[in-house]
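Notebook open, structure loaded. I'm jotting down what I look up as I go, starting with helix packing.

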Amino acid sequence: MKTENEGFSSTFGAIMAAAGSAVGLGNIWRFPYICGKYGGGAFLVVYIFFVFLIGMTLMMSEFVIGRRTGEGPHRAYSALRPAHPAWRVIGLTGLGTCFLILSVYLIISGWTTNYFWESLVGTLAGIPDDGFAAHFNEFVGNPSRTILFIVIFLVLTTLVIIGGVEKGIERISKLLMPILVVLLLVMCVRSVTLEGASAGLAYLFNPDFSKLTGEGVLAALGQALFSLSVGMGAMVVYGSYLPKDSNILKTSVWIAVCDFAIAILAGIAIFPAVFACGQSPAEGPGLVYQVLPVVFNSFGGVGKIFSIVFFLLLTLAALTSAISLLEALTRWVSNAKRGRTQSAVIMSVLVVILSVLAAFSFGDNAVGRLRFGDMTLFDLLDKLTGTVLPPVCALLTIIFFGWVLKADEIKDELSNHGVHGVSYFKVFYYVLARFVAPVALLVVLISGLLS
Ligand code: TRP
């Protein structure tokens, strides 16, 4: 249940919070890698199209659903169509997805926080170039340290949620997002001024249409949804906190621009440096925990500082995303009797249990030996949250929005009850929301299931 005065204090605060949700691990290591892998500039063209047409259509639809009802996803759908309570399923699927995403996110955030700590105390600087792979494997293979940092990270996240929407989430986002941008710019300047940096820029930006396969196009859409945090109800929650006079289109454009810009900057911060020191780009954990530390050590004395800056940056980006995930879950279980604090603690405890279990996937132990098909528990969660569930939830959301809600309801909300014009409405509703977005999502989903 939403208490009357809960919400963001301004459009700016809402943009910072939602951009904080969107900007996360997905921008800083996933985007640069897949951009390079699927043809650089060629991938970028497709990605821009997906972010600003399909991702933003979903974001706007979640904002409309959230703000119109003032409810989280568990109630918003049935509140809009009380005669058909079955629509609740959409919100519940989304929240289930948020729960699973958070459990995976916590593990990677725990790794990142550990690497921040190890940069700070100087452990990383003492490792030889060829020792980082072994260091990483040993670290994840013995999860007690990961668990320690998962707990620290989650406690921070929970404290922000307990602080409230305006005094917790909005305030911390307004503080952290600018810091994040400054840290990222520092990394960019260092990276592009290294000798040999241009090979990294070429990798990232030179359009190579031969590498842009069907798989690359699908990866672009999946990445656009994941990166914008859309399709799982998290933006319905933030929509319910959106000020009544915020312009939903403009707010969404700002969030998408921030998210996109930070992904590009992350690529500029990482690849020129990787190429300049003779390393090759690797995917995911390998890139961040095994390749980048080598790059930092090659900077000499200042490398330690860049290592601290980078892992701090990554930790902060992960934190504002984890906050949004935990907020959605907290909102789900809180009601008149069970307040915010108690709800946040309950959800944190539940999610940390799954997360800790999954952290054991890397060690030689009962969980580590457990297989689902040929996947470990971590792999399974990663697959479900990375490729399967988000397009399912996104498709259900857009079908509800485009085909169940009435054009007038949507127009009324987008125009703030007729206060301003919505000249884009016909294209948005009759083209994007009803046809282009559902069809694109269906294609992604089917081809994802087939592969
Ligand atoms: N957008 C986040 C990132 O880029 C990840 C994410 C996906 C997310 N879905 C979410 C964050 C829902 C918050 C809420 O890393």
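How are helix 3 and helix 4 oriented to each other, roughly parallel or roughly perpendicular? Before answering, a note on what I'm looking at: this is a predicted model, where local features need pLDDT of at least 70, side-chain atom pairs count only at pLDDT 80 or more, and totals for chains, interfaces and linings use all residues. Residues are numbered from 1 along each chain as its sequence is written, and side-chain values use heavy atoms, with hydrogens and water left out.

**Entry 1: helix 3 and helix 4**

I looked up the axes of helix 3 (residues 41-69) and helix 4 (residues 73-80): they come within 9 Å and cross at roughly 80°. Helix 3 and helix 4 are therefore roughly perpendicular to each other. My cut-offs for angles: under 35 degrees is roughly parallel, over 145 roughly antiparallel, 65 to 115 roughly perpendicular, and the rest oblique. Axes here are lines fitted to C-alpha atoms, for helices over the stretch in contact, with angles from 0 to 180 degrees between N-to-C directions. Helices are DSSP runs (H or I, at least four residues), numbered from the N terminus.

Helix 3 brings Ile65, Arg68 and Thr69 to the contact, and helix 4 brings Ala76, Tyr77, Ala79 and Leu80 (contact means heavy atoms within 4.5 Å). I get five nonpolar, one polar and one charged residues for helix 3 with helix 4. In that sorting, Ala, Val, Leu, Ile, Met, Phe, Trp, Tyr, Cys and Pro are nonpolar, Asp, Glu, Lys and Arg are charged, and the others, Gly among them, are polar.

**Entry 2: helix 2 and helix 14**

Next pair: the axes of helix 2 (residues 25-37) and helix 14 come within 8 Å and cross at roughly 120°. That makes helix 2 oblique to helix 14. Leu25, Ile28 and Trp29 of helix 2 meet Phe310, Leu313, Leu314, Ala317 and Ala318 of helix 14.

**Entry 3: the core**

Which residues touch the most other members of the largest nonpolar core? Tyr238, Phe310 and Leu414 do, in a core of 161 residues. Helix 14 (residues 303-333) gives the most to this core, with 18 residues. By nonpolar core I mean buried Ala, Val, Leu, Ile, Met, Phe, Trp, Tyr and Cys residues joined through side-chain atoms within 4.5 Å. Buried is under 20% relative accessible area, exposed over 50%, partly exposed in between (1.4 Å probe, protein chains only).

Leaving out residues up to four places away in sequence, Phe310 touches Ile28, Met187, Ile270, Val288, Leu292 and Phe296.

The axes of helix 18 (residues 407-414) and helix 19 (residues 425-450) come within 11 Å and cross at roughly 140°. That makes helix 18 oblique to helix 19. Ala407, Ile410, Lys411 and Leu414 of helix 18 meet Phe425, Phe428, Tyr429 and Tyr430 of helix 19. This contact splits into seven nonpolar, no polar and one charged.

Asn416 sits in the loop between helix 18 and helix 19. I noted its positive phi of about 50°, although Asn416 is not a glycine. Asn416 is buried, with a relative accessible area of 7%.

**Entry 4: another positive phi**

Ser229, in the loop between helix 10 (214-227) and helix 11 (234-240), has a phi near 60°. Ser229 is buried at 11% relative accessible area.

Conventions. Helix = DSSP H or I, 4+ residues; strand = E, 2+ residues; numbered from the N terminus.
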